[in-house]
Amino acid sequence: MNLKSSATRYGIFPILIHWLSVFLIFGLLFSGNRAASMTDQVAKAQLLSLHAPIGSFIGLLTLIRIVWWIFIDKKPEPVSGMPYLQELCARAVHLMLYGVIILSAASGIAMFALSGAGPIIAGWVDAPLPDFTKYPPRIGHTIGAWTLVTLLIFHAGAAFFHQFVKKDGLLKRMWFTG
């Protein structure tokens, strides 16, 4: 399998980034939701000590993905026979996914910077966690998480529709074997 994409398949690099992102984003959605409802400050800090760097990493991975598509590689051609409106929707969902991921990472970083939680989470300072709801980036972070869930439902739903209803082989374009 090639590093770069062909006209009909994604290359190994975008496939790895895609599936690593999927795995980590599901973990972030779970851990963020869990952390938001925790009252045990020590356990919450431990969970956030994983959530925060992984969230930053996903933001960086998404920026790398965007740079990859702009300067290094090009995406495969749309599936043959796909209606233009469907193709347009697919492109819009992908762009929104990238944007929401970057904004979620940025709002998380801003929330930690404004609240001073970074040193607490890292274990450098022994202090209680701040109330994150008092910081404006928290609103964007929450909206971003729910928007991300919605976009992921559309994205996965479309992939499964193509795979199991249309049976046009779309999903194998983003898999390791084909």
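Trp 68 comes in at 8% relative accessibility and so counts as buried (buried is under 20% relative accessible area, exposed over 50%, partly exposed in between, with a 1.4 Å probe and protein chains only). This is a predicted model, so local features need pLDDT of at least 70 and side-chain atom pairs count only at pLDDT 80 or more, while totals for chains, interfaces and linings use all residues. Residues are numbered from 1 along each chain as its sequence is written, and side-chain values use heavy atoms, with hydrogens and water left out.

**Overall build**

- The protein chain has 5 helices and 0 strands, where helices (H or I, at least four residues) and strands (E, at least two) are DSSP runs numbered from the N terminus.
- The C-alpha trace spans about 60 × 30 × 25 Å along its principal axes.
- Of the 178 residues in the protein chain, 35% are buried.
- Take the contacts between residues at least 6 apart in sequence: 70% of them join residues at least 24 apart (a contact means heavy atoms within 4.5 Å).
- The accessible surface comes to about 10,800 Å², and 72% of that belongs to carbon and sulfur atoms; the areas come from the Shrake-Rupley method with a 1.4 Å probe, and for residues only the protein chains shown count as cover.

**Aromatic pairs**

- The count comes to 6 aromatic pairs; rings of Phe, Tyr and Trp (its six-membered ring) pair if their centres lie within 6.5 Å, and planes under 30 degrees apart count as stacked, over 60 as edge-to-face and the rest as tilted.
- Phe 13 and Trp 68 have ring centres 4.4 Å apart and planes at 45 degrees, so this pair is tilted.
- Phe 13 sits in helix α1 and Trp 68 in helix α2, so the pair ties together parts 55 residues apart in sequence.
- Phe 13, at 26% relative accessibility, counts as partly exposed.
- Phe 112 and Phe 132 make a stacked pair, 5.8 Å centre to centre with 10 degrees between the planes.
- Phe 112 is in helix α3 and Phe 132 in the loop between α4 (117–122) and α5, so that pair ties together parts 20 residues apart in sequence.
- Both Phe 112 and Phe 132 are buried.
- Trp 19, Trp 175 and Phe 176 are linked into a cluster by ring pairs.

**Largest pocket**

- The volume of the largest pocket is about 1,300 Å³. On a 1 Å grid over the protein atoms alone, a pocket is an open set of points where a 1.4 Å probe fits, with protein on both sides within 12 Å along at least five of seven lines, and lining residues have an atom within 4 Å of a point. Grid points are joined across faces, edges and corners, and a volume is the space filled by probe spheres set on the points.
- It is lined by 46 residues, with Tyr 10, His 18, Ala 90, His 94 and His 155 nearest its centre.
- α1 (12–36), α2 (41–72), α3 (84–115) and α5 (137–166) each supply at least two lining residues, and the largest share, 11 residues, comes from α3.
- The lining divides into 33 nonpolar, 7 polar and 6 charged residues (Ala, Val, Leu, Ile, Met, Phe, Trp, Tyr, Cys and Pro count as nonpolar, Asp, Glu, Lys and Arg as charged, and the others, Gly among them, as polar).

**Second largest pocket**

- The second largest pocket has a volume of about 820 Å³.
- Its lining holds 35 residues, and Leu 28, Gly 32, His 51, Arg 138 and His 141 lie nearest its centre.
- The largest share of this lining, 9 residues, comes from α2.
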